[in-house]
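Subject: Structure for you to look at

Hello,

Here is the structure I promised to pass on. Please open it first, then read my notes below with the model in view.

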Amino acid sequence: MQKYICTVCGYIYDPEAGDEDGGIQPGTAFESIPDDWVCPTCGAAKQDFEPYEG
């Protein structure tokens with residue numbers, strides 16, 4: 001699954017890990033995350049993320 005990086009702080013969303021503190025279960029694709037989800041590190045909006053090619 002595609003990882004995404006926050007362009008504000010560099011946090012990497014890994015779909016295999018999810019964001020349990022943010023209510024996102026492991027295995028959740030980035031596209032399936034609600035639009036009101038925010039970066040757990042800096043609070044940036046979902047639209048501030050871009051595909052991560054790491």
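Let me start with the cysteines. The whole structure was searched, and zero disulfides turned up. A disulfide here is a pair of cysteine sulfur atoms within 2.5 Å. Cys-6 is in no disulfide, and its nearest cysteine sulfur, that of Cys-42, lies 3.8 Å away. Cys-42 is in no disulfide either; for this residue the nearest cysteine sulfur is that of Cys-9, at 3.7 Å. Cys-6 is buried, with a relative accessible area of 2%. Cys-42 is partly exposed, at 36%. Buried means under 20% relative accessible area, exposed means over 50%, and partly exposed is in between (1.4 Å probe, protein chains only).

A word on the ground rules. This is a predicted model, in which local features need pLDDT of at least 70 and side-chain atom pairs count only at pLDDT 80 or more, while totals for chains, interfaces and linings use all residues. Residues are numbered from 1 along each chain as its sequence is written, and side-chain values use heavy atoms, with hydrogens and water left out.

Now the sheet. Three strands form an open, antiparallel sheet in the order β2-β1-β3. Strands are DSSP runs (E, at least two residues), numbered from the N terminus. Two strands pair if DSSP finds at least two bridges between them. Which strands stand at the edges? They are β2 and β3; each has a single partner strand, so one side of each is left without a neighbour in the sheet. Strand β1 covers residues 4–6 and pairs with β2 over two bridges, in the antiparallel sense. Look for Ile-5, which stands opposite Ile-12 in β2.

Next, the core. The largest nonpolar core has 11 residues, among them Cys-6, Ile-24, Ile-33, Trp-37 and Phe-49. A nonpolar core is a set of buried Ala, Val, Leu, Ile, Met, Phe, Trp, Tyr and Cys residues joined through side-chain atoms within 4.5 Å. Take Ile-24 as one member to click on. Leaving out residues up to four places away in sequence, Ile-24 touches Tyr-13, Gly-18, Asp-19, Ile-33, Pro-34 and Trp-37. Contact means heavy atoms within 4.5 Å.

Thr-28 sits in the loop between β2 (12–13) and β3 (49–51). Is Thr-28 buried or exposed? Thr-28 counts as buried, because its relative accessibility is 19%. Its contacts, again without residues up to four places away in sequence, are Tyr-13, Pro-15 and Ile-33.

On to the rings. How many aromatic pairs does a search of the whole structure find? It finds seven. Rings of Phe, Tyr and Trp (its six-membered ring) pair if their centres lie within 6.5 Å; planes under 30 degrees apart count as stacked, over 60 as edge-to-face and the rest as tilted. Tyr-4 and Phe-30 have ring centres 4.1 Å apart and planes at 15 degrees, so this pair is stacked. Tyr-4 lies in strand β1 and Phe-30 in the loop between β2 and β3, so the pair ties together parts 26 residues apart in sequence. Tyr-4 is buried at 12% relative accessibility, and Phe-30 is buried at 6%. Phe-30 also forms a tilted pair with Tyr-13: 5.9 Å centre to centre, with 55 degrees between the planes. That pair links distant parts of the chain, with Tyr-13 in strand β2 and Phe-30 in the loop, 17 residues apart. Ring pairs join Tyr-4, Tyr-11, Tyr-13, Phe-30, Trp-37 and Phe-49 into a cluster.

Last, the charges. There are two salt bridges. A salt bridge is a side-chain nitrogen of Lys or Arg within 4 Å of a carboxyl oxygen of Asp or Glu. Asp-14 forms one with Lys-3, and their closest N and O atoms are 4.0 Å apart. Asp-14 lies in the loop between β2 and β3 and Lys-3 in the segment before β1, so the pair ties together parts 11 residues apart in sequence. Asp-35 and Lys-46 form a salt bridge too, at 3.7 Å from N to O. Asp-35 is exposed, at 64% relative accessible area, whereas Lys-46 is buried, at 10%.

Best wishes

Methods
Helices (H or I, at least four residues) and strands (E, at least two) are DSSP runs, numbered from the N terminus.
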